[in-house]
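Let us walk through a protein structure step by step. Keep the sequence and the model side by side as you read.

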Amino acid sequence: MRTRLLAAASAFAVLLAGAAAPQTRRALTEAERQPVTFTAGEVEYDETRDLVIARGGVEAWQGERILRAREITFHRPTGRATARGDVVLMEPDGRVFFAEEAELTDDMREGVIRELRALLAEGGRLAAAGAVRSGGRVTEMARAVYSTCEPCRDDPQRAPLWQIRADRVIHDEQEKVVEYFDATMQIAGIPVLYVPYFWHADPSVKRKSGFLFPEFGTSSFLGAFWRQPYYWVISPSEDATIAPMLSARKGGVLFGEWRRRFNAGFATASGSVTYDPDETRWRGHVTSRGRFSIDETWRAGWDAARASDRTYLRRYRLGALDASSVLVTTPFLEGFGRNFYARADANLYQGLGSLDSARRIPVVLPRLYGAFFGVEDRFGGQWEGDLGVFATTRAAGTDTRRIASRLGWTLPFRGPIGDLWTVAANVDLLGYQVGGDPAATPVPGGESGAYGRAHPQVALTWRWPLLRAGATWGSQLIEPIVQVVAGPNTGADRRIPNEDSVDLEFTDAYLFGFNRFPGRDRLDGGYRLNAGLRGAWFLDGVTVEGLFGQTFRAAADDLYPAGSGLEGRRSDYVGRLTVIPSEHLTLSYRTRLDREDLSTRLADISATFSAAGRSLTLSYLAAPAAPAALQPQARREIGATLSGRLWGNWSGFVGARRDLKEEAMVSSYAGLRYEDECFAFLATYLRRFTSVEGASAGTDLIFTLVFKTVGEVGFSAL
């Protein structure tokens, strides 16, 4: 006997109560214990065979798992369902499976699927001749193909950029692992690599323990090398990477990196260690970084870097560290308030230069600094001040203890003719305790004893911005600026060591102000006049802006080093010019001209052209020797860099630097990148033409292939 039930207008729902679903030993979740519910345009019940046949846009669901098909047949005694025609199975995690026919249990956790296709997380696409699903967690597929590349719109049958073909693929949904047996990697349909077995994490998984793709290459120092990383997920907030490396010339190196997130911050650490057979010693490095928020105002952290010797980082080419000339370790505590900033830290340095002596490099402990910014007072002025303490200690050289305070007040007001005036007062209070052996310190100055200094200054600044507005010719601005600064003469005061004011650079940025030195150990003093003329021209889409000026002193002393441009009563001329003729082109020129004959003593020129995602930058630098600033030789260099999108998914850069004084190349570099939704290719080239601190000149060539959701593989020639 056969009974037919028709749903004429809308979906007809049937609860399969009492269906004899097969049970597994694993405890079912609440969702999996729910009955299967379905809707259909037509439902037929065959009492003889105990079949429920649903046709016409059938949709069955259990919890968040949904099955759709043109026809679904339920066999109540066995609890199995057969879906035919445009079968779609949607999983709770977002995965979608397509098939022509599928036979499943009534809870849709086990079954057989024919002509399977699937859309996975992160754009993954999988197809197989057939699949067997068991235990609600494992899907075994035959003759499967996997890729994250989208099909070609013009020719969907064309092979994707890359795909993995395997005789058998097992997807474990609980362990989040995809295993491949007898797998072949194809590029544009061409087989390029065969492996009998490999696995990778499910595309939906962000972090999964396991071996990563290896890195291999060759180096003039290491010879041929192979590096095999292993990624270890320690906890949801912690992971590590361990990467042993074998090289033909230097044996083994062990690399490691650890990362952890906390509720209030994070901490990372990385390092390496090796036994150098040629030098018969252990070598290595360690770096670490941490940041922790104490509350809304205060945070603490550290930055640490240390190497076993000065050449290790460069010889092993350890990222950005191999270009460092000094490694700094700094623990700190700092606070950010509405009108104050405070910081306490310490600095431990390791010099990597051939002339660096560990006994003469200071340890800065402690260093304290605090600054406040006052609100506007009843006169319209504003107070600000700071207080700093630091102590430097050397095994051989000067030991310095310093306390420094600065208090300033600024009052701006407008003159009767539209001119702008600013009255400012500033006082520096400093106390020193100098010990050790000042004569052994490479920093100029220093004499044992206790010293104090009070240095008050006042300044009056006048500027008169004259603006002319015009329609056709745009707007023009001419602004003369004059500043008078008065205070006691300071001189060089050689008794006080120069710890923080060595790198003096006189440019237009330092034309106005109380102190042109970068620190407090040297202070501008005496009576001086700073004068400059600023001009600008604003047209439709065009901007021209510049500044030219000079400073005059009432008395000359030996405060400024030779070649700084500030020695004598009259300084060199400084200026800048910026021209932006269009949104695509920017020209910049900064200079310092000799006060007597206007010859160029400093020139920094750059031009940047950008359009359609591409940019070209040209630069020229000519700088005089500055022995006091640890730059013993003059520099004259040119450089060029071209970067941006090439075509389609391709982008890149190319550039070079040349020393005109030595008539020799300094470096050249280039990079090429391709990236789409499933694949990325990166190639980087760097050529060093000069030796630097024991690291010989040479060429770096690095290739990286990234197969998204699967992994990346790299080759390096160093």
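Strand E35 (residues 573–582) and strand E36 (residues 585–593) run antiparallel and are joined by eight bridges. Strands, labelled E, are DSSP runs of at least two residues, numbered from the N terminus. Two strands pair if DSSP finds at least two bridges between them. This is a predicted model: local features need pLDDT of at least 70, side-chain atom pairs count only at pLDDT 80 or more, and totals for chains, interfaces and linings use all residues. Residues are numbered from 1 along each chain as its sequence is written, and side-chain values use heavy atoms, with hydrogens and water left out.

Find Gly575. Opposite this residue stands Thr591 in E36. A hairpin of two residues joins E35 to E36.

Now move on from E36. Nine bridges join E36 to strand E37 (residues 600–611), and these two strands also run antiparallel. Ser588 has Ser606 in E37 as its bridge partner. The E36–E37 hairpin has six residues between the strands. In its turn, Leu598 has a positive phi of about 60°. In a regular strand, side chains alternate between the two faces of the sheet.

Next come the rings. How many aromatic pairs does the structure hold? There are 26 aromatic pairs. Rings of Phe, Tyr and Trp (its six-membered ring) pair if their centres lie within 6.5 Å; planes under 30 degrees apart count as stacked, over 60 as edge-to-face and the rest as tilted. Take Phe211 and Tyr230. Their centres are 5.0 Å apart and their planes are at 70°, so the pair is edge-to-face. The pair links distant parts of the chain: Phe211 is in strand E15 (residues 210–211) and Tyr230 in strand E18 (residues 230–235), 19 residues apart.

Phe211 has 62% relative accessibility, so Phe211 counts as exposed. Tyr230 has 30%, so Tyr230 counts as partly exposed.

Trp650 and Phe681 are also edge-to-face, 6.5 Å centre to centre with 65° between the planes. Trp650 lies in strand E40 (residues 650–659) and Phe681 in strand E42 (residues 679–688), so the pair ties together parts 31 residues apart in sequence. Trp650 is partly exposed at 24%, whereas Phe681 is buried at 18%. Both belong to one aromatic cluster, whose members include Tyr146, Trp162 and Phe707.

Key:
Helices (H or I, at least four residues) and strands (E, at least two) are DSSP runs, numbered from the N terminus. Buried means under 20% relative accessible area, exposed over 50%, partly exposed in between (1.4 Å probe, protein chains only).
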